[in-house]
Amino acid sequence: MQVPSQEAALRAPSQPRPVAMPVKPSLVGMTRQELRDSLAALDIPERELRMRVGQLWHWIYLRGARDFDVMTTIGKGLRARLADAYTLARPEVVTEQVSRDGTRKWLMRMPSTGPFDKGAEIECVYIPEVDRGTLCVSSQVGCTLNCSFCHTGTQKLVRNLTSAEIVAQVMVARDRLGDWPDESPPEGAFVPSDGGRFVTNIVLMGMGEPLYNFDNVKAAMDVVCDNEGLGIGRRRITLSTSGVVPMIARAGEEIGCMLAISLHAVRDDLRDVLVPLNKKYPIAELLEACRTYPGVSNAKRITFEYVMLKGVNDSEADARALVRLLKGIPAKINLIPFNPWPGTEYECSDWETIERFSQIVFDAGYASPVRTPRGRDILAACGQLKSETEKLRARARMMLESGIGAEGMFSAAE
């Protein structure tokens, strides 16, 4: 069955039927200040707020509580009041796919944000290894960047995710993996076997450009890094950007995580095609922002991601040019075999070509690991994520909520 285009949907004479709003908000994903505000709304005395926030923080983010009744350090009366006003609901897992290599992909539906929003859908991927478990988190619904080799780039931006929705992806992953105290992973699941947590690393490499949703990403990572809760250190968080140059320094100063750059080309004319954002922030400006990234050093190297596209960017001359470009930047180059998706015009470079490219980079003194493709069979690999339902653009949805009809909405959106 063919899904109608967004334009056709906007021109349709009938308006979408309103979707019921959630009755109660969830505390899951909230910052400490948001939890404090939520408690204050229940008229909790000012002198108790700090203690109560700490209690909720412990149960939500350290213990993974799904029900207020398990919060035994909180009195029954307050637990009842909390349950009357709030929930501990997570996003709905619409589908879960498990790859042959143990990679897991979840299609999650967020709670509705308005009467015409069915709930934004995003994808989140878990990549397990023997000594670590990496969660690939989305920051937007869709993407604005239109990178020509990326499946996510074929989906229009719907909206930014809130900080709570970003944190909630980590919560869902730990729920599904049994990654809470006194819980166990699903039978047969591939998870780290070193005796530690199953989700150890976060990469902001899912759907969207995280630096175009900076405030929400920052707030979310503050929650994720808190040692009294989820406790994932900033050195175990990597933010990947296509090159939003003005925001790179802020990311280093205010988030303090590791940085990855989606480079993919050594010439502006080619990168303009592969990563159209390059037309606004060309390679020279991007690399200067990398050279001055706060805290960059041999101990905190910047990762440059380079997808290997057959006959496009994979020549030996490209490899030598890459080395020259990165001179003076503490860096490693992550070579990514292209992950195909339906309708793409690109092919993955031959393995011999990738090995030659890697050797040139390695001989120049840079680490040049070739990323092992993970989750290709479930479209969970790098560049393959895309939620499966079409939705109204945020502006269009707001106009509907304001009572403007479909035809008026379409013309205004143009």
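This is a predicted model: local features need pLDDT of at least 70, side-chain atom pairs count only at pLDDT 80 or more; totals for chains, interfaces and linings use all residues.
At what angle do helix α5 and α6 pack, and how far apart are their axes?

1. Residues are numbered from 1 along each chain as its sequence is written, and side-chain values use heavy atoms, with hydrogens and water left out.

2. The model has an open sheet of 9 strands with mixed pairing, in the order β1-β2-β3-β4-β7-β8-β9-β10-β11. Here helices (H or I, at least four residues) and strands (E, at least two) are DSSP runs numbered from the N terminus, and two strands pair if DSSP finds at least two bridges between them. The edge strands, each pairing on one side only, are β1 (92–98) and β11 (331–337), and from one strand to the next the twist averages 20°.

3. Helix α6 (residues 214–225) lies across β7 (201–204) and β8 (237–241), and runs at about 165° to β8. For such values, axes are lines fitted to C-alpha atoms, for helices over the stretch in contact, and angles run from 0 to 180 degrees between N-to-C directions. Contact itself means heavy atoms within 4.5 Å.

4. To return to the opening question, helix α5 (residues 163–177) packs with α6 at an angle of about 40°, their axes being 8 Å apart. The two helices are therefore oblique to each other, given that angles under 35 degrees count as roughly parallel, over 145 as roughly antiparallel, 65 to 115 as roughly perpendicular and the rest as oblique. Residues making the contact include Ile166 and Val170 of α5 and Met221 of α6. By class, this contact of α5 with α6 has 9 nonpolar, 2 polar and no charged residues, where Ala, Val, Leu, Ile, Met, Phe, Trp, Tyr, Cys and Pro count as nonpolar, Asp, Glu, Lys and Arg as charged, and the others, Gly among them, as polar.

5. The contact of α10 with α11 divides into 6 nonpolar, no polar and 4 charged residues.
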